[in-house]
Amino acid sequence: MNETVLPRILALILLVVSLAMLVPLGFAVASLMRGHPASHASWLIPLVFLGTGSALTVVLAKHPAGFRLYAAAFALWLVTAGYYFLTLIR
C-alpha cells in the first residue's frame with residue numbers, strides 16, 4: 001500500500017468518528033437548553049473522544065512515533081468509541 005494512502009484512510013476514519021461524537025454531545029446540549037438534567041457522561045465522554053482524536057491527528061501529521069504504536073493507539077481509540085456507541089444504543 002502506498003505510504004500516503006493509509007494515513008489518509010486513518011484520517012478519514014478519525015473524521016467520521018469525531019463527527020459522530022458530535023451527535024451525543026448535541027443531544028446533551030439540547031437537553032440542557034430545555035432545562036432537563038444531563039449526566040456528566042453524556043457530555044464528558046464525547047469531549048474526551050474528540051480530544052483524543054485531535055491528539056491522534058497531530059501524531060498522524062508529524063509521525064514522531066513509530067507507525068505501529070500509532071496504529072495500536074488508533075485501534076484502541078476506535079474500539080473504545082465503538083463500545084461507547086453500543087452502550088448508547090442499548
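**View 1. Serine 31 sits in helix α1, which covers residues 5–33.** Helices here are DSSP runs of H or I with at least four residues, and strands are E runs of at least two, numbered from the N terminus. This is a predicted model, in which local features need pLDDT of at least 70, side-chain atom pairs count only at pLDDT 80 or more, and totals for chains, interfaces and linings use all residues. Residues are numbered from 1 along each chain as its sequence is written, and side-chain values use heavy atoms, leaving out hydrogens and water. With a relative accessible area of 16%, serine 31 is buried (under 20%; exposed is over 50%, partly exposed in between; 1.4 Å probe, protein chains only). Beyond its neighbours within four places in sequence, serine 31 contacts His36, Pro37 and Ala38 (heavy atoms within 4.5 Å).

**View 2. The largest nonpolar core has 11 residues.** Its members are Leu10, Leu14, Val17, Met21, Phe49, Leu56, Tyr70, Phe74, Trp77, Ala81 and Tyr84. Such a core is a set of buried Ala, Val, Leu, Ile, Met, Phe, Trp, Tyr and Cys residues joined through side-chain atoms within 4.5 Å. Helices α1, α2 (40–62) and α3 (67–89) each supply at least two residues of this core, and α3 gives the largest share, five residues.

**View 3. Alanine 81 meets Val17, Met21 and Phe49.** These contacts leave out residues up to four places away in sequence. Alanine 81 is also one of the residues of the largest nonpolar core.
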